[in-house]
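Subject: Structure for you to look at

Hello,

Here is the structure I said I would pass on. Please open it first and then read the notes below it.

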Amino acid sequence: MKHRISALFLGTALALAAGSGAMAQDKTVKIGVLTDNSGLYSDLGGAGSTLAAQMAMEDSGLAAKGWKIDIVSADHQNKPDIATTIARQWIDVEKVDIFMDVLNSGVALAVNNLVKEKNAIMINTGAATSDLTNAQCSPNTIHWVYDTYMLANSTGQALVKAGGDTWYFLTADYAFGHALERDTTAVVVKSGGKVIGGVKHPLNSSDFSSFLLQAQASKAKIIGMANAGGDTTNTIKQAAEFGIVAGGQKLAGLLLFITDVHSLGLKVAQGLNFTETFYWDLNDGTRAFSKRFSERMKNKAMPSMVQAGVYSGLVHYFKTIDAMGGNPHDGAKVVAKMKELPTDDALFGKGTIRADGRKIHPAYLFEVKKPAESKGPWDYYKLIGTTPGEQAFRPLSESACPLVKK
Amino acid sequence: MQALYAQLLVGLINGSFYALLSLGLAVIFGMLNIINFAHGALYMMGAFCAYFLLNLAGIGYWWALIIAPIVVGIFGMILERTMLQWLAGLDHLYGLLLTFGIALIVQGVFQNYFGSSGLPYAIPDYPQIGDWRGLQGGINLGFMFLPIYRGWVVIFSLVVCLATWFLIEKTQLGAYLRAATENPTLVRAFGINVPRMITLTYGLGVGLAALAGVLSAPINQVRPLMGADLIIVVFAVVVIGGMGSIMGSIITGFALGVIEGLTKYFYPEASNTVVFVLMVLVLLVKPTGLTGRAA
């Protein structure tokens, strides 16, 4: 007991000292993985994100250098109010330094504000909304993996070029769906296409037949699915049932994850085009990581790009605080340093972080393989195009982010 | 106008799931006085059972329609024997809490092993007669493309619903059941094994849920949370129809499916709430539900 109390005093003293900036050698870090652990997005983030954080910590070698790293994880249930309550508790009581994953755009925007107010850090690998690095950008947030602008830019442009010049949207009715529809519409119009209608459906719907019939009646060449997770898989499955693809209309999965393709099966998913920034079978580095990851997953799943992003983001974070010689517990300061250093890891390759918090790396346009082309479980994608990082994301000249100096 | 017909038909399809599920709930509530919150989880188990039958034993859809309800029904009867029977005579709340807990545990276990995105289950492609490939494909009705499978779901569930209603309201066995609910002691005096009958009734209600699960497996992904998403709506259906009323729950099930379908057409943003708005209105005007009798 005595030891515990003295340890507590020591800890408090250290924290105070670090707070005053007098001692830079505070080597404690607390990482919070805030994600959907039980709902429709839990396969693409969830426990896999926590595992990725764990692996990043083990691989960093920081423990051997005297660092003490803790990882906590919580389920935000896709509800912004629950997420901010947890986030507040984490920052105020548990002294969490950095938030990882934070999927769901509604949740991400809410946590984004809190993290800025409390000067913590968020490396967002899960949410899609491009607002995180545009109007809502923050000196404490880095948007790591993908965003709606990039998805729209890559998939949208490719489909319009291939002749899909009339669009109808099926949109999940919350921040993410709205952002994705807005950004895709902009790209479609810019590329010479036309949006002839759309319908907004509630998040987590199980029946899409009504919406699909409306899409079918619109006669649009492309039905853009501005939704994700279980909503997208059910849409695709039911579209096949209603003969939508057989009738000549094409489905555009604007945001699809490998876990979705796995769950649909190749027979239903074959031929879909969509964009991701990570695939386990891209190169030796991604394969080696994914193999280790999959062995430790309960259902032997390969990592999604969200989970891979958690690993990659933390690798860079660890590198940065190690270079700083200690954890200043000052979110904006660490993020500024992270933006100075170039990023480099086995999963996303070499890259940079822009002033607006956008992490830059290439975007890959994939097509889902036919069942005959697949050599086994998780062998699902064919790479059909690569957009270099500088062109994949919103150019800084169009940015509404106040952090960008013009 | 064409679009409207199509939405009506689609609504009817969803309504058949509501009807099958709310019917099971109504049977269980009417006979056992238990608010069975595990119904969604049992529905999900039915779909998973079909998936396992196909992928582990090579047993296809048609057999799954029979086997899955029996397997899950037996699981239900074990639940009733080991847990639910001790709650007889207590307040409804105890049964509700117990079954809610069971639902959370069952869903948690499935999610732990199978994740949240679900597993694929295809529409059956046999028997093959001429151009027919089982229930795959569809028919162009002029105003819409009707997948054959959806048509099958409507007809099949309508038949099952009516058969259940007939069994309970028009047969000797049903008469015993209803009598046992009214006055178990008296019925026992006639030499009828009331506890066994109650167990079988619970099994029947659970079997109906599992059957709905098998029916929905080819339409929706087989997901651990497929029931949790549906069960709240189904409870609203039961409340609107009148707790424990067999015919009431069948008719309300189909009717609400149609109303929801129309909402998806006219004001899609409200399609998840329209059922609950109706529930509130019905409760305000007629607290026992549309066909319920005052207790």
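In chain A, 73% of the contacts with a separation of 6 or more are between residues 24 or more positions apart. Two residues are in contact if their C-beta atoms, placed from the backbone, lie within 7 Å. This is a predicted model, in which local features need pLDDT of at least 70 and side-chain atom pairs count only at pLDDT 80 or more, while totals for chains, interfaces and linings use all residues. Residues are numbered from 1 along each chain as its sequence is written, and chains are lettered from A and ligands numbered from 1 in the order in which they are written.

Chain A as a whole

Chain A has 406 residues, and 56% of them count as buried (20 or more other C-beta atoms within 10 Å of the residue's own, with C-beta atoms placed from the backbone).

Domains

An automatic or database domain assignment divides chain A into domain 1 (27–146 + 282–360) and domain 2 (149–276 + 362–391). Their centres, taken over C-alpha atoms, are 27 Å apart. Domain 1 of chain A puts 18 residues into the contact and domain 2 of chain A puts in 20 residues. On the domain 1 side, helix H4 (residues 105–117) of chain A gives the most, with 3 residues.

The core

The largest nonpolar core has 215 residues. Such a core is a set of buried Ala, Val, Leu, Ile, Met, Phe, Trp, Tyr and Cys residues joined through C-beta atoms within 7 Å. Helix H1 (residues 2–32) of chain B supplies its largest share, 18 residues. A:Phe99 is among the residues with the most contacts inside this core. Not counting residues up to four places away in sequence, A:Phe99 touches several residues, including A:Leu34, A:Val111 and A:Met122.

Between the chains

Chain B gives 34 residues to the contact and chain A gives 36 residues. On the chain B side, H1(B) gives the most, with 6 residues.

Regards

Technical notes. Helices (H or I, at least four residues) and strands (E, at least two) are DSSP runs, numbered from the N terminus. A residue is buried if 20 or more other C-beta atoms lie within 10 Å of its own, exposed if 12 or fewer, and partly exposed in between; C-beta atoms are placed from the backbone.
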